[in-house]
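Open your viewer and get ready to select residues by number. We will take a short walk through one protein model, stop by stop.

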Amino acid sequence: MTSAIPSNATAALVLADGSVFWGKGIGIQSTTAGEVCFNTSLTGYQEIMTDPSYAGQIISFTFPHIGNVGANINDDESATPFAKGLVLRTDITAPSNYRAEMSFNDWLQRQKLTGICGVDTRALTHHIRSAGAQNGIICHAPRDRIDVKELQAQAKKLPDMTGLDMAKIVSTKKTYTWDKSIWNAAKSAYAPAAPAFAHVVVIDYGVKQNILRCLVAQGFKLTVVPCDTPAADILALKPDGIFLSNGPGDPAATAVYASGILEKLLQTGLPIFGICLGHQLLCIALGGKTAKLPFGHRGANHPVKDLATGKIEITSQNHGFHVLPATLPKTAEVTHVSLFDGTNEGLRLKDKPVFSVQYHPEASPGPMDSYYLFERFAAMVKEQKKKVA
C-alpha cells in the first residue's frame, strides 16, 4: 500500500479511504469500480467471477495460484459475468488441466473484465477486515495515465451496497424452463434431466446455473421466473414447490417488492426452500430483519453447525448481509449457525414445509457437505404431494 509508483506498474487499485495498491494489469485495459471484497476459496475462480451474487463487486482472491486450470465455457455460472473486476497476488498461472479451452487471461479479455495482479492480497485482506467493506476502483492503463488523485475522488463518490437492490439487474427478464442436470465427469458432459416427479418454480434473484442443475438432478421440472413476478402469476404455473435463489445486493432493498410476493406464497402451504439472498428475503417476509456484515462471508471453507444433529458442515458462502435471529417470529426455528462468528446460517418454520440456509449447498466451488439439503427439499415436496393427492 503505497503512493510511490513502481517502475513496472500498469494498474492501480484505489480504495475509498484513499489507500493505493500498485500492480500489473490483467484482462482488458479499462477502469472498473465496485465494492472490494475477498474470497478465500482455493478453486473455482471462473465460477466465482460468473456468480451473479458478485454483481457490483471487485473480488480479491486470497489464494495465489489463480489460472492453473484455465477456463472453459461449461464452468460459467451465468451467461454474463456480473463481477466488476479481480485482484490477484501473483500473475495468472498458465493452464494445466484437460478441460481447459483457453487461459484465464484470455477468458477475462473475452468477457471484457479488468483486473490487477502483483498486489499484497494479505495486506489488502487485513485492511478490509480492519477498516470494513469499502468501495474501490481498478485502473488498468499505461503508467502515465493513472491519475491516483482523480481515482481517489471517484472512489469516495461510489454508492454503498447498503440500500441497493441488485436482484433486478441480474434476474432473468423472461420466464424460461431449465432441464440440464449435474456434470458427468465420466462422459465429460452434463447429464440429461431425470424423469420429473414434481414442478418447482425458481424465483431468480441471481440464480447460479449449478443450483438449477442440482434441482434437476432431484427430479424437478423447473420454471425460472423474474424476481418481481407476482404471486398470482407464480401460482398460475401450478408449482409443487417454490425455490428462492441466491443473489446480490441489500436484501432489505429487494424486499420492498419481494416480501409481499413471498407472504402470499407462504399462505399457500407449498414447500419452499431458499438459499443466500432467498434465505434473507424469506426471513424479512416473516417479519425479521437483516444487517450488513463488517466484511462479509466469502469462501469455500466456512464451518457451519447443524443444531439438530450437532454435525459440522464445511460450506461455500458468499454474502455481505445476515439475518438477525432475535427478530424472527416464534414460528421460525434457527437450524444452523456459523462457527466463525455465530451469525445465523439457516432456519425452518415449525408450522409449514419451509426452510432456508444462508450458504450454498450446490458449492461450485466448494465442498459438497450440504448437498443433502436438495434431497431434503425433494423429500418435502414428495410428502406434500401425497397429502394433497
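This is a predicted model: local features need pLDDT of at least 70, side-chain atom pairs count only at pLDDT 80 or more; totals for chains, interfaces and linings use all residues.

**Stop 1**

Now select H10 itself, residues 372-388. This helix has 17 residues, and from its first C-alpha to its last it reaches 25 Å, close to the 24 Å expected at 1.5 Å a residue. Which residues of H10 are buried? Colour Leu373, Phe374, Phe377, Ala378, Met380, Val381 and Gln384 to see them. They cover an arc of only 160° around the axis, which puts them on the same side of H10.

**Stop 2: An enclosed helix**

Next, select helix H9, residues 277-285. Is this helix largely enclosed or open? Here 9 of the 9 residues are buried, so the rest of the structure largely encloses H9. The buried residues include Leu277, His279, Gln280 and Cys283. Step just past the end of H9 to Gly287, which takes a positive phi of about 105°.

**Stop 3: A nonpolar patch**

Move to the surface and select Ile312, Ile314 and Leu339. Together they form a nonpolar patch with about 240 Å² of accessible area. Ile314 sits in strand E16 (residues 312-324) and is partly exposed, with a relative accessible area of 33%.

**Stop 4: Charged pairs**

Side chains of opposite charge can pair when their charged atoms come close. How many salt bridges are there? The count comes to 7, and we will visit some of them.

- Select Lys292 and Glu35, whose closest N and O atoms are 2.9 Å apart. Lys292 is in strand E15 and Glu35 in strand E3, so this pair links distant parts of the chain, 257 residues apart. Lys292 is partly exposed at 28% relative accessible area, while Glu35 is buried at 4%.
- Select Arg99 and Asp75, which meet in a salt bridge of 3.0 Å, N to O. Both lie in loops: Arg99 between strand E5 and helix H2, Asp75 between strand E4 and E5.
- Finish with Glu333 and Arg348, with their closest N and O atoms 2.8 Å apart. Glu333 lies in strand E17 and Arg348 in strand E18, so the pair ties together parts 15 residues apart in sequence.

Definitions and conventions: Residues are numbered from 1 along each chain as its sequence is written. Side-chain values use heavy atoms; hydrogens and water are left out. Buried means under 20% relative accessible area, exposed over 50%, partly exposed in between (1.4 Å probe, protein chains only). Helices (H or I, at least four residues) and strands (E, at least two) are DSSP runs, numbered from the N terminus. The expected span of a helix is 1.5 Å times one less than its number of residues. The arc is that of the directions from the helix axis to the C-beta atoms. Patches are made of residues with over 30% relative accessible area and no salt bridge: like charges are joined within 9 Å, nonpolar side chains (Val, Leu, Ile, Met, Phe, Trp, Tyr) within 5 Å. Accessible areas come from the Shrake-Rupley method with a 1.4 Å probe; for residues, only the protein chains shown count as cover. A salt bridge is a side-chain nitrogen of Lys or Arg within 4 Å of a carboxyl oxygen of Asp or Glu.
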